[in-house]
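Me: I have a new structure to read. Can you walk me through its features, one at a time?

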Amino acid sequence: MPFLHSYMAVHNSRWFFLAIACLINLFSGSLFTWSVFAGPKAVQLSALTGADLTAVDLAITFAVCNLMGPIPMILSGFVNDRVGPAWLLIGGGLVVGASLYAAGVSASITSLVLSYGVFFGIGMGVVYGSLINTSVKLFPERRAFAAGAVTAAYGFCSVILPHIAYRMIESSGVELAFKYLGFATGGLIVFGGVCSLFLLKGKFSKQEIRKEERNSISEMNYRKMVVTPRFWLMFVFLFSGAFSGITLISHASLIASKQFGFTAAAAATAVSYIALVNTSSRLVIGYVADKFGYLKTLTLACVVAILGMLLFIVGSKGDNVFFFIGATTAALAYGSFMAVYPAYTARNFGSLHNSVNYSIMFCGFAAAGFIGPMVMKQLTIGDDFRLVYFAAIAALVIGLLSAVGLYRLDKRTQREHVHNGVQS
């Protein structure tokens, strides 16, 4: 009975942590509220500085915040791999809360970029990386499911939090809204970190990790990982899969209104629909990937996304069905890569160093997020987005070629294992 009680305590602690991770991500993705805050903050800064500022003038803040994400993920990954997420969450929560508070009282674009762009980006990079990599470690038999659950919760934040932020700005003003959001999200993250101190006590000792990793295909640190052909094929595959989704999703409202003739209200509804598909599908995709294979799931996602791009190419005003089918495939593909890749990275390079390894792999997503919107801007001709769709298809084809290379590497690895088994 003592053994059974001990087993249940350890077994249940990881589920409690997963629930806490989902709760934190559900309300801490304050990056999604930027579009709500940008306009009112521009008005506030205009009154303080005397300059005529708009939300476009503050766009540098959002860009800096996005670019900061992978850096703290990589650096904090070294800590997470050794001692677990508890102190990272506590520290990250304090940084997130303080940076949002500072963004509220910032009186210039420079101070806003430093508070929201730099420090908030650092805090969220630490928190997001700790949550997703710890969840993957704790569920070696359900890696994609765990990653899908955590990323789905983060995605649902884009549906919930902007409405809450809008109400707070309406009732209390932009400065107090930033402060309230800082207290709430920062406090929730710190609370999650304190809970992790007790839930995961001893789970990140070297002995515990080694027991968990006995069945891994390989164990590589980042130095060994980045010199392998498999890493670069996976990096290109992630970039390709994320590129099409980011490019389309980030401009869904514009495409819906300009190409397909949606009204402003209908376009807003379409954006909400895409967000729901993108986030709600991740949990299911994670479960499917654990059952049928990570590479098969991602390959199928690319094929489906190409079919969706073809519908966008031939679609025109009034072809609402084409828009929603195409948008659904783009959202599903994007969600697939977000849900599966943390687990896929651990599957190929082991979980022991996955916090750092996946953070480096995540740079492929960050690159897609930076390049995708620029390509969209350069290739859009008036209301004609066809060149953008062709670019997305080209990226997906490159992704499929990378997948072929990964299939071949898997076959070679299997042959080597069989050969080594026969020799032994």
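Reply: Start with the rings. Rings of Phe, Tyr and Trp pair if their centres lie within 6.5 Å. Here, such ring pairs join Phe260, Phe262, Tyr273, Phe312, Phe323, Phe324 and Tyr389 into a cluster. Keep in mind that this is a predicted model.

Me: How many aromatic pairs does the count come to?

Reply: The count comes to 27 aromatic pairs. One of them is formed by Tyr128 and Phe362.

Me: How do I describe a pair like that?

Reply: A pair of aromatic rings is described by the distance of the centres and the angle of the planes. For Tyr128 and Phe362, the values are 6.3 Å centre to centre and 50 degrees between the planes. That pair is tilted, because planes under 30 degrees apart count as stacked and those over 60 as edge-to-face.

Me: Where in the chain do Tyr128 and Phe362 lie?

Reply: In distant parts, 234 residues apart. Tyr128 belongs to helix H6, residues 109-138. Phe362 sits in the loop between helix H16 (354-361) and helix H17 (363-379).

Me: Are Tyr128 and Phe362 buried or exposed?

Reply: Tyr128 is buried, at 9% relative accessible area. Phe362 is buried too, with a value of 9%. Both count as buried because the cut-off is under 20%.

Me: Next, empty space. How is it found?

Reply: Rolling a probe the size of a water molecule over the atoms shows where empty space is left. In this model, the count is two cavities of 30 Å³ or more. The largest cavity has a volume of about 60 Å³.

Me: Which residues line the largest cavity?

Reply: Leu248, Ile249, Ala252, Ile255, Ile274, Phe312, Phe323, Ala327 and Ala330 line it. Nine lining residues are nonpolar, with no polar and no charged ones. Phe312 and Phe323 also belong to the ring cluster.

Me: Which helices supply at least two residues of that lining?

Reply: Helix H11 (229-249), helix H12 (252-258) and helix H15 (320-349) each do. H15 gives the largest share, three residues.

Me: Now the charged side chains. How many salt bridges does the structure hold?

Reply: The structure holds six salt bridges. Look at which parts of the chain each one connects. Among them is Arg14 with Glu141, where the closest N and O atoms are 2.7 Å apart. This pair links distant parts of the chain, 127 residues apart. Arg14 is in helix H1 (residues 2-28), and Glu141 is in the loop between H6 and helix H7 (143-172). Arg14 is buried at 9% relative accessibility, whereas Glu141 is partly exposed at 41%.

Me: What about Glu175 and Lys179?

Reply: Their closest N and O atoms are 3.1 Å apart. Both residues lie in helix H8 (residues 174-199). They are four residues apart, so about one helical turn separates them. Glu175 is partly exposed at 31%, while Lys179 is buried at 15%.

Me: Which residue forms a salt bridge with Arg230?

Reply: Asp410 does, with closest N and O atoms 2.9 Å apart. Arg230 lies in helix H11 and Asp410 in helix H18 (residues 386-423), so the bridge ties together parts 180 residues apart in sequence. Arg230 is buried at 11%, and Asp410 is partly exposed at 23%. Salt bridges that share partners also join Arg14, Glu141 and Arg142 into one network.

Me: Last, how many disulfides does the count come to?

Reply: The count comes to zero disulfides. As for cysteines, Cys302 is buried at 0% relative accessible area, whereas Cys363 is partly exposed at 26%.

Methods:
Residues numbered from 1 in each chain as written. Predicted model: local features only at pLDDT ≥ 70, side-chain atom pairs only at ≥ 80, totals over all residues. Heavy atoms only, no water. 1 Å grid on protein atoms, 1.4 Å probe; cavity = no way out; pocket = protein on both sides within 12 Å on 5 of 7 lines; lining within 4 Å. Points joined across faces, edges and corners; volume = space filled by probe spheres on them. Nonpolar A, V, L, I, M, F, W, Y, C, P; charged D, E, K, R; others polar. Phe/Tyr/Trp six-rings, centres within 6.5 Å; stacked < 30°, edge-to-face > 60°. Buried < 20%, exposed > 50% of the residue type's maximum accessible area, 1.4 Å probe, protein only. Disulfide = S-S within 2.5 Å. Salt bridge = Lys/Arg side-chain N within 4 Å of Asp/Glu carboxyl O.
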